[in-house]
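Open the model in your viewer and keep the selection panel at hand. This tour tells you what to select at each stop and what you will find there.

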Amino acid sequence: MPQVRIVAKNFMDMVASLPTMKLDKLYENAFICEAILRSLPPLAKKYVLQLLFIDIPVTAKSMEEWVLADGFSKHKVAIDRLIQLRVLSETVDRKKDTTYRLNPMFQLNIQKHIVHGGILPREPMPSNITVRIPSLEELDAYAIRQWECFLLHLISSGEAEKTTNISPSMMKVFQRGLLSQKDDKEPPMLTESGFQFLLMDTNAQLWYIIREYITHSEDRGVDSADLISFMLELSFHVTGEAYNVNTLNDIQRSIIRDLADLGLVRLQQGRKDCWFIPTKLATNLSICLADTSARKQGFVVVETNFRMYAYSTSKLHCEILRLFARVEYQLPNLIVGAITKESLYKAFLNGITAEQIISFLQQNAHPRVAERIPSVPENVTDQIRLWESDLNRVEMIPSHLIDEFPSRDVFEAACDFARECGGLLWESSQKMRLVVKGESFPQMKEFLRRQKQ
């Protein structure tokens with residue numbers, strides 16, 4: 001799957017990257033501890049449960065005896081993950097013996113959860129107070145509609161400006177790294193990462209946005225640990241149930257409004273109370289935002305003659321296809337176009353790769369062709385790769401030509417020096433000329449100056 005270059009690949013990677021004090025503070029929340037436990041690899045979960053009621057350090061040698069010899073690699077992965085998340089603390093004594101112990105606050109909260117059972121973060125509102133609660137199908141449609149509005153705004157579509165209700169300040173946060181603007185007079189333009197972002201799976205796109213939202217929370221006066229804590233707590237709510245906004249503090253209300261813009265929750269106003277309804281996007285946060293099990297049904301058919309038919313009513317789909325194909329006309333439920341050399345060159349120059357385009361077409365293949373192997377004709381995928389390689393035939397390297405050497409000995413010494421420092425690009429012993437990389441030229445000048453002396 002195409003990936004925008006990011007450090008944290010999921011929510012737990014971001015939790016692990018928090019400073020020690022903030023991470024320890026997170027474990028004061030029982031829901032965070034349960035979310036961490038859910039996310040661990042199977043063997044790491046087993047270790048937590050085995051150590052849960054042990055109040056003394058356990059040696060590394062003892063834990064190694066819990067697994068067979070062929071499972072040692074999984075054992076190391078589990079231990080490393082537990083240490084990254086500070087679920088386990090590692091101690092090495094003077095004899096260089098290693099011991100492990102569970103984080104006391106994490107241990108206490110998981111003990112309470114197992115002994116007394118889990119509880120919900122807050123109780124849903126009674127049905128006699130709430131009215132017009134949407135069905136799960138309507139809630140899913142709402143989430144998709146809100147997300148498409150955001151992406152249309154990102155592409156700077158005129159349709160998005162009429163439908164989106166995302167505040168300009170929050171759009172700047174969400175679009176960070178995806179759009180660039182040279183000056184205030186010119187409209188923002190998609191960056192290379194922005195073009196790649198639009199071809200990503202929806203869940204991967206959402207994770208990128210959530211990561212940016214958390215990373216820059218300090219700029220808005222919100223502690224990143226508090227933000228992560230609330231968002232993980234939100235994942236324990238029930239999809240489709242209504243929860244009173246008055247149970248939230250001021251910071252959490254602000255976060256809920258931002259998440260409603262992205263379709264993670266839906267806000268509704270009653271006569272007296274206001275409530276929020278989590279969608280699947282919110283309740284899946286603690287599991288894995290890169291999960292593709294709930295991927296939407298595909299809609300694209302590509303023929304061997306490079307014709308493309310997209311069975312979709314979405315304006316967003318049409319705008320995304322324009323990134324690498326020529327859209328010829330659009331009917332109410334059908335987009336007709338073609339993949340051409342010119343349209344692909346435009347995509348390549350914008351930073352989209354051939355593999356990303358092919359991956360997008362395969363992931364979004366219509367059900368009628370998705371079961372075929374391959375789902376996209378081989379002659380089309382091969383030609384897309386060939387057209388990309390056409391642009392990569394010549395590599396431009398800043399360089400300098402050096403000639404008129406006083407003697408052959410000086411020329412050969414200069415060639416040897418350029419070769420040793422990795423700057424030699426070309427040499428002609430007959431004409432006593434050589435070409436060196438621009439970055440190596442200052443060293444060559446200094447070398448030749450010493451030769452003259």
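Which two strands form a hairpin with four residues between them, and which residue in the turn has a positive phi? Before you look, note that this is a predicted model, in which local features need pLDDT of at least 70 and side-chain atom pairs count only at pLDDT 80 or more, while totals for chains, interfaces and linings use all residues. Residues are numbered from 1 along each chain as its sequence is written, and side-chain values use heavy atoms, with hydrogens and water left out.

**The hairpin.** The strands are β14 and β15, and M432 in the turn has a positive phi of about 55°. Helices (H or I, at least four residues) and strands (E, at least two) are DSSP runs, numbered from the N terminus.

**Two helices.** Then select helix α22, residues 441-452, whose axis comes within 11 Å of that of α21 and crosses it at roughly 145°. These axes are lines fitted to C-alpha atoms, for helices over the stretch in contact, and angles run from 0 to 180 degrees between N-to-C directions. On the α21 side the contact is made by V410, A413, A414, F417 and A418, and on the α22 side by Q443, M444, F447, L448 and Q451.

**The cores.** A nonpolar core is a set of buried Ala, Val, Leu, Ile, Met, Phe, Trp, Tyr and Cys residues joined through side-chain atoms within 4.5 Å, and buried means under 20% relative accessible area (1.4 Å probe, protein chains only). Select F11, V15, F197, F324, I357 and L361, which touch the most other members among the 112 residues of the largest core. Helix α12, residues 202-215, gives this core its largest share, eight residues. Finish with a second, separate core of 13 residues, including I402, C415, L434 and M444.

Technical notes
Contact means heavy atoms within 4.5 Å. Buried means under 20% relative accessible area, exposed over 50%, partly exposed in between (1.4 Å probe, protein chains only). Two strands pair if DSSP finds at least two bridges between them.
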